Structures are given as C-alpha cells and as structure tokens.
Amino acid sequence: MPPVSSPETAADLSQRRGVRIVGGALIPLLILGVWQWVSTSGLVAVSVLPSPSMVWLAAVDLTERGLFGHYVAISTQRVLVGFAFGAAIGLALGAVVGLSRLGNILLAPTLGGIRAVPSLAWVPLLILWLGIGEESKVVLIAIGAFFPVYTIVGAALRHVDDHLLEAGRAFGLHGLRLFATVQLPAVVPSAVSALRLALAQSWLFLVAAELIASSMGLGFLLLDSGQNGRIDRIFLAIISLALLGKLTDSLLGLFERWAVAKWT
C-alpha cells in the first residue's frame, strides 16, 4: 500500500505564498468593506468620512493633473536618500560603540541625549541652518533613520556571545577578520531589523518635514488638504503613505531573507 501522507500542519500552510497573501489581505478588505458601508449608509456624514470611491476619484483627479505621481515620487526620493545617509552613519557609529569600549564611553551618553529630542524640535533649527530646500528635509529624515540603526546595531555587537568570539580567536581571527567572520554574521538579523525600523521612522520624519516646510510631497498634500477641507485628499495621502511604507518594508524583507541566508 502507498504511504499515507500526513496532513499539512498549520505551520506548513502558513509558509505557502498564496495562504500568506490571502491571509494578509483579509483585514484590509474587511476594513474597506466596513468603510464603504458606513460612508454610504448615512451613519457618518461624507464630510467626516468620505467613501472609498471619493478617495479614488481624488486620486484620479490629482493624477490627471500631474500632481499625485509627482508628490509620490518626491516623497519617496526624500525618504530613500535620507534613509540611506542616516542608516549608513548609524551602522558606522553603532559599530564603533558596539566594538569599542572607549567609543561607547565617549559617544553613548551624548547620542542618548540627542535621541530623546522630538522630531519637530529639529525643524526650526534645520530651516535656519539649511533653509527650506531639500537639504533640511533629507537631514531630518536621516536623523530619524540614524537612531534605530545606531541603537540596535551597537547593542547587538556588545552582546555577541563570548564563546563565539573565543572560538574565532582560537582559530587565529582578530580585528577585521574576526568582525567579518564572527561578529557581523551574528548581528545580521538584528541589523536588518534595525534597517526596517529605521525605514519606518524615515516615513514618519518625512511627514514632519513636509508638514512644516514644503510645497510638494504627500506631507504637503496632507497640510494643504486640511486647510482646504478636502478630507478625501487627506485620506488619499494617509493611504498612500501606508502603501508606500509597506512596499518599501517588503523590499527590505526580501533583502533580509537574502542576508540571513548568506551570513548565518
């Protein structure tokens, strides 16, 4: 008799791409359905909660006028540039603090204090120093991206298992070779998680930058729509930010799978 195959477990099913896609779409579809029903049934006035179709028409209108795609592109560019600079500096200083006791003593207290400064507190200073151009916005986003990477990478390097370090030194590994062979692979999952958190922070700091001093972008669309009472465009900006944030996070998730497979 042929062997009877055992039924798939829940863990096996959860690894299937189709199951994950359908499962992940259930709650958004439910929210969309409830939103459509509430906004069209008269329970809530459309001036408070526009229907999904109104938001869609707002997107179509801005797209036809050549504004929506431009706003999305400029906001995405600001986030990616600021994230790249902030994450790179965060990785470098996180490595210094994590690998050097002297670096930790000198840098950690000061950076810990700066980390507590709210994002909006930087805005007037950056405007005075850099003006209202792209530089001030990118620097603010870089600040938002820097601290998650610096904090997590530094902590991860400080807590690498001593037994791994001793084993590496026993094989003659020291300095850069020890870092590349033992310490770096040990902190790759933490480092990529830090990058994903930093990217989310970058989108948050983007809105802070564009709400204060901007004439384009999704943050500007939020502010301008609020001033003009266009709640449909406010919803459009919020949904766009959520989708862009999820898309960029998913791309980093793919990088995480590759990095973990390569380095661990």
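How many helices and strands are there in the protein? The predicted model contains eleven helices and zero strands, where helices (H or I, at least four residues) and strands (E, at least two) are DSSP runs numbered from the N terminus. Residues are numbered from 1 along each chain as its sequence is written. Because the model is predicted, local features need pLDDT of at least 70 and side-chain atom pairs count only at pLDDT 80 or more, while totals for chains, interfaces and linings use all residues; side-chain values use heavy atoms, without hydrogens and water.

Of the 264 residues of the protein, 37% are buried, that is, under 20% relative accessible area with a 1.4 Å probe and protein chains only. Among contacts (heavy atoms within 4.5 Å) with a separation of 6 or more, 71% join residues 24 or more positions apart.

Helix α4 spans residues 68-99 and includes T76. T76 counts as buried because its relative accessibility is 18%. A polar atom of the T76 side chain lies 2.7 Å from the backbone oxygen of V72. Beyond neighbours within four places in sequence, T76 contacts W203 and L244.

Helix α4 also meets helix α10 (residues 218-228), their axes coming within 8 Å and crossing at roughly 125°; axes are lines fitted to C-alpha atoms over the stretch in contact, with angles from 0 to 180 degrees between N-to-C directions. The two helices are therefore oblique to each other, a class left after angles under 35 degrees (roughly parallel), over 145 (roughly antiparallel) and 65 to 115 (roughly perpendicular). F68, Y71, V72 and S75 of α4 make the contact with L218, F220 and L221 of α10.

Definitions and conventions:
Buried < 20%, exposed > 50% of the residue type's maximum accessible area, 1.4 Å probe, protein only. Polar contact = N/O pair within 3.5 Å; in protein donor to acceptor, adjacent residues only side chain to side chain.
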